[in-house]
Each structure stands twice: as structure tokens, then as C-alpha cells.
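Open the model in a viewer and keep the sequence panel beside it. The stops below are meant to be selected in order.

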Amino acid sequence: MKAGADRSALVVYESMFDNTAHVAEAIARGLERAGFEAHAVPVTSLAASGPMKVDLLAVGAPTHTFTLSRRETRVDAARRGAPSGRVAIGLRDWIAGVTPGRFGTERVVVFDTRVTRVRRLRLAAGVTAARLLRRRGFRLLRKPVAFMVDETSGPLREGEVARAERWGQMMGAACRDDLAAA
Ligand SMILES: Cc1cc2nc3c(=O)[nH]c(=O)nc-3n(C[C@H](O)[C@H](O)[C@H](O)COP(=O)(O)O)c2cc1C
């Protein structure tokens with residue numbers, strides 16, 4: 001544990017064009033401000049790692065065709081210029097194999113990125129991820145949150161990185177409240 005940190009969190013993300021990665025890193029910084037040791041890790045490098053104990057998982061992905069990506073939509077993203085090494089594994093695949101026991105916690109918060117603010121708000125990566133995580137035995141501490149990008153490949157809209165940092169800090173506080181109530 002880093003000096004000053006008494007809790008830990010892992011931010012697991014999928015990202016084709018790096019926008020969700022920037023959000024994930026900002027969330028990790030916010031969690032650090034809340035006294036957590038926090039790391040943001042892409043789902044592509046987590047698949048092979050072993051068990052790990054944390055107090056909170058934060059999980060996020062880009063919205064593809066109103067839901068979590070599938071291989072075909074990641075291929076589509078690669079065709080539009082995203083690195084092809086990111087096609088193989090998406091957040092959906094990772095969730096399918098994960099259990100609360102693997103991370104020593106059932107506490108999870110969820111975020112996504114998307115281009116559309118209003119239309120079909122209820123059909124997005126975060127909503128799907130939340131549903132699938134619940135089915136795997138996780139407990140959502142707060143409703144999923146969306147961060148906006150200007151175009152498919154980005155950039156993130158102005159102010160979104162700062163908002164992600166604040167959200168991370170708030171989720172750290174929510175986790176502390178939950179731990180205190182347990
Ligand atoms: C194949 C594909 C489908 C997409 N479908 C949607 C969508 O249904 N709704 C939306 O708001 N954005 C959609 N987008 C835009 C993505 O949400 C955007 O590319 C993503 O948030 C960027 O994050 P990343 O850089 O982490 O990949 C789509 C993008 C791709 C490549």
C-alpha cells in the first residue's frame with residue numbers, strides 16, 4: 001500500500017481509441033485523492049493475471065452499437081484506425097469469467113464513454129456491464145455514469161477528464177461509506 005493510502009481499488013477498462021483509458025486514469029487519480037491505492041489496467045493485460053485483493057473495482061468501456069463491444073465492433077474500430085492488438089478481448093469477455101472472489105470484493109462502480117448524450121440513454125455499455133456484473137455476484141454502489149467523446153475516435157469533450165477525476169473521488173467516498181456500514 002502506498003504511503004497515505006489505507007484502501008485499494010482497481011480500475012479495469014476497455015478502450016479502442018484511448019478515450020476510455022484517459023477516463024480510467026483520471027478515475028484512478030480521483031480514487032487516490034480519496035486515500036486509495038488505485039491502478040488503471042486495460043482488460044487486455046488483466047486476463048492473464050492472478051487473484052488480487054482490493055476494496056473496490058471500477059469497470060468501464062466504450063459504448064459500441066448501444067451496448068458493450070463485441071469482436072465485430074472492435075474489428076470495425078480497428079478499421080477506423082484503433083490498434084488491432086485491442087480487438088481480441090473486450091470487457092464483456094472479461095466479465096464472463098470474473099467473480100467477486102477473485103478480487104476479494106463484491107463492490108463495483110461502472111462507467112462508459114459514448115458520443116450520444118440523450119438518445120437511447122438506457123442502451124449503453126455501462127448499463128450492460130452493470131447488468132452482467134450483477135449476474136456474476138457483484139454489487140453496484142452507484143448507478144453507471146457516462147463520459148462523452150466528440151467523435152468516434154475522440155477526443156473527450158472538454159471538462160470530462162476533470163469530471164472523471166471528481167467521480168473517482170466520489171466513488172472512493174461511496175466505498176468508504178459502504179465499508180463503514182458493513
Ligand atoms: C463500432 C462502433 C460502434 C459505436 N456505437 C456507438 C453507440 O451506439 N452509441 C454511442 O454513443 N457511441 C458509439 N460509438 C462511439 C464510441 O462510444 C466511441 O468510439 C468510444 O467512446 C471511444 O472510446 P475509446 O477511445 O475508449 O474506444 C461507437 C464506436 C464504434 C467504433
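The tour goes from the whole chain to the core, then to a strand, a helix, the ligand and some backbone details.

**Before selecting anything**

This is a predicted model, in which local features need pLDDT of at least 70, side-chain atom pairs count only at pLDDT 80 or more, and totals for chains, interfaces and linings use all residues. Residues are numbered from 1 along each chain as its sequence is written.

**The whole chain**

Show the chain as a cartoon. There are 7 helices and 6 strands, and from the N terminus they follow the order β-α-β-α-β-α-α-α-β-α-β-β-α. The radius of gyration, taken over C-alpha atoms, is 15 Å. Helices here are DSSP runs of H or I with at least four residues, strands are runs of E with at least two, and both are numbered from the N terminus.

Along the principal axes, the C-alpha atoms fill a box of roughly 45 × 35 × 30 Å. Of the 182 residues, 45% are buried. A residue counts as buried if 20 or more other C-beta atoms lie within 10 Å of its own, as exposed if 12 or fewer do, and as partly exposed in between, with C-beta atoms placed from the backbone. Two residues are in contact if their C-beta atoms, placed from the backbone, lie within 7 Å. Among contacts between residues at least 6 apart in sequence, 77% join residues at least 24 apart.

**The nonpolar core**

Select Ala9, Val11, Ile27, Leu57, Ala58, Val59 and Ala129. In the largest nonpolar core, which has 45 residues, these touch the most other members. Such a core is a set of buried Ala, Val, Leu, Ile, Met, Phe, Trp, Tyr and Cys residues joined through C-beta atoms within 7 Å. Elements that each supply at least two residues of this core include β1 (7–13), β3 (56–62), β4 (107–114) and α7 (160–181). The largest share, 6 residues, comes from α1.

Now center on Ala9. Which residues is Ala9 in contact with, leaving aside its neighbours within four places in sequence? They are Leu31, Phe36, Ala38, Val54, Asp55, Leu56 and Ala58.

**Strand β3**

Select β3 next. Here 7 of the 7 residues are buried, so the strand is largely enclosed by the rest of the structure. Leu56, Ala58, Gly60 and Pro62 point one way, while Leu57, Val59 and Ala61 point the other way.

β1 and β3 run parallel and are joined by 5 bridges, with Val12 opposite Val59. β3 and β4 also run parallel, joined by 6 bridges, and Gly60 has Phe111 as its bridge partner in β4.

**Helix α6**

Move to α6 and color its buried residues: Ala125, Gly126, Val127, Thr128, Ala129, Ala130 and Leu133. They pack against β3, α4, β4, β5 (139–140) and β6 (145–148).

Pick Ala130 in this helix. Ala130 has 21 other C-beta atoms within 10 Å and is therefore buried. Apart from neighbours within four places in sequence, Ala130 is in contact with Val110, Leu140 and Pro144. Just after α6, Gly137 takes a positive phi of about 105 degrees.

**Around the ligand**

Show the ligand and the 21 residues around it, of which Ser15, Phe17, Asn19, Thr20 and Arg114 come nearest. The largest share, 3 residues, comes from α3.

**Backbone details in the loops**

Go to Asp18, in the loop between β1 and α1. Asp18 has a positive phi, near 80 degrees, and is partly exposed, with 18 other C-beta atoms within 10 Å.

Then select Thr65, in the loop between β3 and α3. The phi of Thr65 is positive, near 40 degrees, and this residue is exposed, with 12 other C-beta atoms within 10 Å.

End at Pro155, in the loop between β6 and α7. The peptide bond from Gly154 to Pro155 is cis, with omega near 0 degrees.

Notes: Rg over C-alpha atoms; globule rule 2.2 N^0.38 Å. Near = placed C-beta within 6 Å. Pairing = 2+ DSSP bridges.
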